Amino acid sequence: MRTRTNRRRFLTGVGTICGVWPLLSMSQAAESRENSGPEAKAAMKLGMVTYQLGEDWDVPTIIKNCEAARFEGVELRTSHKHGVEVALSSQERDQVRQRFQDSKVELMGLGSAFDYHTPDARKLRRDIDATKEYIKLAHDVGASGVKVRPNGLPKEVPREKTLEQIGRSLAELGAFGDTHGVQIRLEVHGSATSLLPNIKKIMDAAAHKNVGVCWNSNQSDLEGQGFDANLDLVKDRIFSVHLRDLYLDEYPFRRLFQRLNQQNFRGYCLAEIPPSSDPLRVMRYFRGIWLAYQGLL
């Protein structure tokens, strides 16, 4: 009798488990799907540069469009309609800061056009001092960084001397920016200066923790020893990333995102793409491809 009772209890228990197991599996699967969405997994953040696509947008339009397309941040390129420039008064700077703080969009940086390759010592000093004013602006409006750039190598000056000069200039700016809570982000830019071995030499000469690289997704990233070798030269110094149109299959965007995620990059990838008559549609497509290349869609 005891054997039959135990057997009955065993079968009843198995039946209960078998009945509940599919429900548990379905619940766990649903939870897994919920936790595997883009918002749960995306380590990097997506934003835009106002160069080209947003050059004719004022600040409210930038915020509205970024929120609608689910872009998390923006780098405001100088000289565009948004008007966030050093001429702003203290009150106007506070207003810009407040607009972004009241939104879902981070003002992650200001994009300048300053470069430091000139052989003219007086012009170099003017450019460095002007960058410092731009750093103050970034601090006042709540931007965490300023993008600068190299823009070429003067033929009349030895290459190594110019690279060293750019690096020393960045070191001074890095120290100044550090006192204002503002990073210096060197865009991989310019004829010859966009080559990663030259960028590394500049960064070595700068040698300041507050100076980093703005990876620019140039086709020249594939030159020399190839994409991975070039990325390895500066991988630990990348502060931000500029992206061209992601449909361009001549550039290894999928590999770029794989490498950035492998090194636990938590910064911004910024769309720097041409204008469109339907910008929100383009931005939403861009975000979809960005997620899909990371396996998040």
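## Helix 9 and its surroundings

The buried residues of helix 9 pack against strand 6 (211-215), helix 8 (227-234), strand 7, strand 8 (268-271) and helix 10 (279-293). Contact here means heavy atoms within 4.5 Å. Helices (H or I, at least four residues) and strands (E, at least two) are DSSP runs, numbered from the N terminus. Helix 9 itself spans residues 253-262, and its buried residues are Phe253, Leu256, Phe257, Arg259 and Leu260. Seen down the axis, these residues fall within an arc of 160°, so they line one face of helix 9. That arc is taken from the directions from the helix axis to the C-beta atoms. As for "buried", the cut-off is under 20% relative accessible area, with exposed being over 50% and partly exposed in between (1.4 Å probe, protein chains only). After helix 9 comes Asn264, with a positive phi near 65°.

## What you're looking at

This is a predicted model, where local features need pLDDT of at least 70 and side-chain atom pairs count only at pLDDT 80 or more, while totals for chains, interfaces and linings use all residues. Residues are numbered from 1 along each chain as its sequence is written, and side-chain values use heavy atoms, with hydrogens and water left out.

The protein has 10 helices and 8 strands. Of its 297 residues, 47% are buried. Take the contacts between residues at least 6 apart in sequence: 80% of them join residues at least 24 apart.

Ser217 lies in the loop between strand 6 and helix 8. It counts as buried, at 0% relative accessibility, and has a positive phi of about 55° although it is not a glycine. The side chain of Ser217 reaches the backbone oxygen of His242 at 2.7 Å. That is a polar contact: a pair of N or O atoms within 3.5 Å, where within protein one must be able to donate a hydrogen and the other to accept it, and residues adjacent in sequence count only if both atoms are side-chain atoms. Leaving aside neighbours within four places in sequence, Ser217 is in contact with Val241, His242, Leu243, Arg244, Tyr251, Phe253 and Leu256. Two of those names, Phe253 and Leu256, are also among the buried residues of helix 9.

## The largest pocket

The largest pocket has a volume of about 260 Å³. On a 1 Å grid over the protein atoms alone, a pocket is an open set of points where a 1.4 Å probe fits, with protein on both sides within 12 Å along at least five of seven lines; lining residues have an atom within 4 Å of a point. Grid points are joined across faces, edges and corners, and the volume is the space filled by probe spheres set on them.

There are 19 lining residues, and Tyr51, Gln52, Glu187, Asn216 and Glu272 lie nearest the centre. Strand 2 (73-77) and strand 7 (238-243) each supply at least two residues of the lining. By type, the lining splits into 6 nonpolar, 5 polar and 8 charged. The nonpolar set is Ala, Val, Leu, Ile, Met, Phe, Trp, Tyr, Cys and Pro, the charged set is Asp, Glu, Lys and Arg, and the others, Gly among them, are polar.

Gln52 is found in the loop between strand 1 (45-49) and helix 3 (59-69). It is partly exposed, with a relative accessible area of 27%, and its phi is positive, near 80°, in a residue other than glycine.

Val182 is in the loop between helix 6 (159-178) and strand 5 (183-187), and is buried with a relative accessible area of 0%. The C-alpha atoms of Val182 and Ala138 are separated by 7.0 Å, though the two are 44 residues apart along the chain. Not counting residues up to four places away in sequence, Val182 touches several residues, including Ile135, Ala138, His139 and Asn210.

Ser103 sits in the loop between helix 4 (90-101) and strand 3 (106-111). It is buried, with a relative accessible area of 18%. A polar atom of the Ser103 side chain lies 3.0 Å from the backbone nitrogen of Val105. Beyond its neighbours within four places in sequence, Ser103 is in contact with Ile63 and Glu67.
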